[in-house]
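My entries follow in the order in which I looked.

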Amino acid sequence: MSNADYKGVMVYAEQVDGKITPVTYELIGKGKQLAGELGTEVTAVLLGSDVGALPEKLEMRGADRVIVVDNAALNVYKTEPYVHALTTVINKYKPEVVLVGATAIGRDLAPRVSARVHTGLTADCTKLEINPEDKGLMMTRPAFGGNIMATILCPNNRPQMSTVRPGVMQKLKSNPELKGHAQIIFEDINDFDKHDNTEVLEIVKTIQEKMDIQDAKVLVSGGRGMQSPENFKVLQDLADVLGGTVSSSRAAVDAGWVEKDRQVGQTGKTVRPNLYIAVGISGAIQHLAGMEESDFIVAINKDETAPIFSVADVGIVGDGLKIVPLITEAIKAEQAAKNEQ
């Protein structure tokens, strides 16, 4: 079978507890762009049990076709049943490109599927493009500890598969007018008993009180210039009045000042908030790659030549430990004045 026999862009539509994960919508948005350049369509593959109205949500986000495998064996995520289901769908529909979110589930699922369909997998991509010359997929990811960006090709095998870091791609807004336009196909797979070698005895859920920085609309981020973990209280005060949360550069994480899940950058998380305030962050390329798509960027740094100013909409040269409290107090005063009106 030649590469020409493979057509279309396929997106694995990850769902947990009956909710589509946000990265799925990001992949559909990027998939639409890639499909447009390839002259083809985007197919979302939904695996689960009693999926209800989830297929309609996928089509309203732009999926041209939704393939559903609805089976009790897929009630909760288990590696073997999910790998079997997605492998079966790929072998039947033969997509040219397969995109999977680089989540905990996606990172478990994608490499096993790629091995079974005898193709390669580029993991943790931050950029996807179509090569105008041969229409192949160019998959870009950080390499060598994030010091360089490597673009990887898969010229000899199909599908071309990649996992994509959440928060990198732009998702399309839900459009109710698209409801009913997609072809929804229910695939009947009945041999899960041969592909299920584990039993889930109990699922324990914990409540995460901290906001995920990828969900935040406002981020106040600190770097080495904060000098100590105690000084991050200054950033927290500003984040509180803005309704946001605190994030950081890798330097602050490596110093033990901030938890790893707060790190922004190539080796951390990619964020796209409405407002990103960088305090005491020089702006190494690894950090910029994780936040430069923010809608509005404010940079505060003592060094007027810091690279962070190259992507900032507003730059303030000075000591963030002195400037940030002044900003916080000014915002509080303005909020108080509005409340009195």
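Entry 1. I began with one residue pair in this predicted model. R141 stands opposite A150, which is in β10. I then looked up the pairing of the strands and found five bridges joining β9 to β10, in antiparallel direction.

Entry 2. I traced the sheet next. It is open, has three strands in the order β8-β9-β10, and is paired antiparallel. I noted that β8 and β10 (148-152) are the edge strands: each has a single partner strand, so one side of each has no neighbour in the sheet.

Entry 3. I asked which helix lies across β8 and β9. It is α1, and α1 runs at about 15° to β8.

Entry 4. I turned to the largest nonpolar core, which has 31 residues. The members that touch the most others are V9, L34, L46, L58, L99, L128 and L137. I listed the elements that each supply at least two residues of this core; among them are β1 (9-13), α1 (22-38), β8 (127-130) and β9 (137-143). The largest share, seven residues, comes from α1.

Entry 5. I took V9 and left aside its neighbours within four places in sequence. The contacts of V9 then include G31, L34, A35 and L38, as well as V97 and L99.

Entry 6. I also found a second, separate core of 26 residues. L47, I67, V69 and L109 are among its members.

How values were computed:
Residues are numbered from 1 along each chain as its sequence is written. This is a predicted model: local features need pLDDT of at least 70, side-chain atom pairs count only at pLDDT 80 or more; totals for chains, interfaces and linings use all residues. Side-chain values use heavy atoms; hydrogens and water are left out. A nonpolar core is a set of buried Ala, Val, Leu, Ile, Met, Phe, Trp, Tyr and Cys residues joined through side-chain atoms within 4.5 Å. Buried means under 20% relative accessible area, exposed over 50%, partly exposed in between (1.4 Å probe, protein chains only). Helices (H or I, at least four residues) and strands (E, at least two) are DSSP runs, numbered from the N terminus. Contact means heavy atoms within 4.5 Å. Two strands pair if DSSP finds at least two bridges between them. Axes are lines fitted to C-alpha atoms, for helices over the stretch in contact, and angles run from 0 to 180 degrees between N-to-C directions.
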